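The sequence and the model are shown first.

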Amino acid sequence: MATNAGNLNQRTRCTYFYDVHMPCNKRQPGSGCGALKGINRNHAIFGWSEKCVAVYPSDMAVALSALDAIVHVQGTNKEARVIRFADFHRLPDNNPEIDNNLKHGELITSIELPENDLAEHSYYLKIRERSSYAFALVSVAAAMSLDGNRIKDVRIALGGVAHKPWRATVARRY
Ligand code: SF4
């Protein structure tokens with residue numbers, strides 16, 4: 001059993017995170033990063049820092065990123081606010097122990113998908129090392145909307161390559 005909010009809140013971490021004999025800034029801030037000189041096949045290409053090179057594991061979030069989802073949250077004082085999906089997860093910078101921009105005590109109440117006409121021409125491709133129960137080595141959520149033969153909009157998001165779902169914004173311009 002799981003929830004969509006729980007899926008979004010998966011920690012961005014690497015295998016060294018689980019090894020308590022190795023340093024890990026995410027597990028213990030300031031201790032160092034065991035992955036920096038480790039086996040790097042699964043580590044970030046984009047959006048990493050000297051403090052952490054782990055990649056974000058969710059597939060669903062990559063698709064939500066491409067769809068410009070909006071996350072609705074509620075604080076302990078019942079005050080509601082919305083977070084654009086692009087702003088929900090954080091890059092590591094100097095504080096990799098903080099994975100997202102939820103404030104202490106905030107609860108995700110819903111995830112909104114703005115109306116779009118992308119579904120007809122969309123695809124999610126995931127490359128992984130095992131056929132099941134494996135995070136993506138790399139994944140791509142791609143979608144476009146057409147007006148006849150003319151492309152109106154293109155969305156491309158990458159998974160398994162960065163500290164958060166990674167929008168290919170430059171590719172979109174071309
Ligand atoms: S990459 Fe991040 S999660 Fe992995 S050991 Fe380094 S600090 Fe920890």
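Strands β5 and β6 run antiparallel and are joined by nine bridges. Within this pairing, V140 has L158 of β6 as its bridge partner. The model in which these features are described is a predicted one.

The two strands belong to an open sheet of four strands, ordered β4-β5-β6-β7 and paired in the antiparallel sense. Its edges are formed by β4 (122-127) and β7 (166-167); each has a single partner strand, so one side of each remains without a neighbour in the sheet.

## The three-stranded sheet

A further open sheet consists of three strands in the order β2-β1-β3, again with antiparallel pairing. Here β2 (80-84) and β3 (107-112) are the edge strands, each pairing on one side only. On average, neighbouring strands of this sheet are turned by 25° against each other, direction ignored.

One of the residues involved is V73, whose bridge partner in β2 is R81.

## The loop between β1 and β2

T76 lies in the loop that links β1 and β2. Is this residue buried or exposed? T76 has 10 C-beta neighbours inside 10 Å and therefore counts as exposed, the limit for that class being 12 or fewer. Along the chain, T76 and L64 are twelve residues apart, and their C-alpha atoms are separated by 26 Å.

In soluble globular proteins, nonpolar side chains tend to be buried together. In this model, the largest nonpolar core comprises 33 residues, and those with the most contacts inside it are A44, V53, A54, A66 and A162. Two or more residues each are given to this core by α2 (15-18), α3 (60-66), β1, α4 (85-88), β5 (138-147) and β6 (150-159). The largest share, five residues, is that of α3.

What does A44 contact, once its neighbours within four places in sequence are left aside? The partners of A44 are V53, A54 and V55, together with V161, A162 and H163. Of these partners, V53, A54 and A162 are also named among the core residues with the most contacts.

Methods
Residues are numbered from 1 along each chain as its sequence is written. This is a predicted model: local features need pLDDT of at least 70, side-chain atom pairs count only at pLDDT 80 or more; totals for chains, interfaces and linings use all residues. Two strands pair if DSSP finds at least two bridges between them. Axes are lines fitted to C-alpha atoms, for helices over the stretch in contact, and angles run from 0 to 180 degrees between N-to-C directions. A nonpolar core is a set of buried Ala, Val, Leu, Ile, Met, Phe, Trp, Tyr and Cys residues joined through C-beta atoms within 7 Å. A residue is buried if 20 or more other C-beta atoms lie within 10 Å of its own, exposed if 12 or fewer, and partly exposed in between; C-beta atoms are placed from the backbone. Two residues are in contact if their C-beta atoms, placed from the backbone, lie within 7 Å.
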